Amino acid sequence: MALVFEAKVALFDRLKAAVPAGVQCTFAETVKSDRRQQVWLGATGDEELAVTAMRQGPRKPTALTSFVDVHALVILPGDPIGAERAVYGLREAIVGACRALAPGTLPGLLDVRPESSESETAESTDGAYAALTVRVRIRGRIA
């Protein structure tokens, strides 16, 4: 649906403004992972469509629900606690970007909000890293 794509683009614009300086923010995952802090948009989940009113004609008002995953990664040499602390700071930036995308910003957009998050921390020969995925729910109504 075009509404979901437009909401994803608008969320990306809000993310670029919300993440701290020095954090790479991209619309899709990059091949290079040499940045110490990154945020990118991932998969867009299946949409749920439900007709909300009956009327004559081919176009019926329809409620739309979809998901987009926002990923963050922080790499710090030998500091897993610092890496996880930094990734939670990026989670707050992601939540702020969702809040900045107010209902009505796009025609038909009702709600953009973080629904769940999952983090993982590990140490490797490249240093300590923390990875985060925030699932963002997008709700709207199309005619």
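1. Let's start with Phe27, which is partly exposed at a relative accessible area of 32%. Here, buried means under 20% relative accessible area, exposed over 50%, and partly exposed in between, with a 1.4 Å probe and protein chains only. A word on the source: this is a predicted model, in which local features need pLDDT of at least 70 and side-chain atom pairs count only at pLDDT 80 or more, while totals for chains, interfaces and linings use all residues. Residues are numbered from 1 along each chain as its sequence is written, and side-chain values use heavy atoms, with hydrogens and water left out.

2. The rings of Phe12 and Phe27 are an edge-to-face pair, because their centres are 5.6 Å apart and their planes stand at 85 degrees. The rule is this: rings of Phe, Tyr and Trp (its six-membered ring) pair if their centres lie within 6.5 Å, and planes under 30 degrees apart count as stacked, over 60 as edge-to-face and the rest as tilted. Phe12 sits in helix H1 and Phe27 in the loop between E1 and E2, so to speak a link between distant parts of the chain, 15 residues apart. Phe12 counts as buried, at 13% relative accessibility.

3. How many aromatic pairs does the rule give? The count comes to 2. Phe5 and Phe27 form an edge-to-face pair too, with 6.4 Å centre to centre and 70 degrees between the planes. Phe5 belongs to helix H1 (residues 2-18) and Phe27 to the loop between E1 and strand E2 (37-44), so this pair ties together parts that are 22 residues apart in sequence. Helices (H or I, at least four residues) and strands (E, at least two) are DSSP runs, numbered from the N terminus. Phe5 is partly exposed, at 46%. Phe5, Phe12 and Phe27 form one aromatic cluster.

4. Next, have a look at Thr26, in strand E1 (residues 24-26). Thr26 is buried, with a relative accessible area of 17%. A polar atom of its side chain lies 2.7 Å from the backbone oxygen of Ala28. Not counting residues up to four places away in sequence, Thr26 touches Phe12, Val39, Trp40 and Leu41; contact means heavy atoms within 4.5 Å.

5. Another threonine, Thr65, is found in strand E4 (residues 62-76) and is buried, at 18%. Leaving aside neighbours within four places in sequence, the contacts of Thr65 are Asp46, Glu47, Glu48, Arg137, Ile138 and Arg139.

Conventions. Polar contact = N/O pair within 3.5 Å; in protein donor to acceptor, adjacent residues only side chain to side chain.
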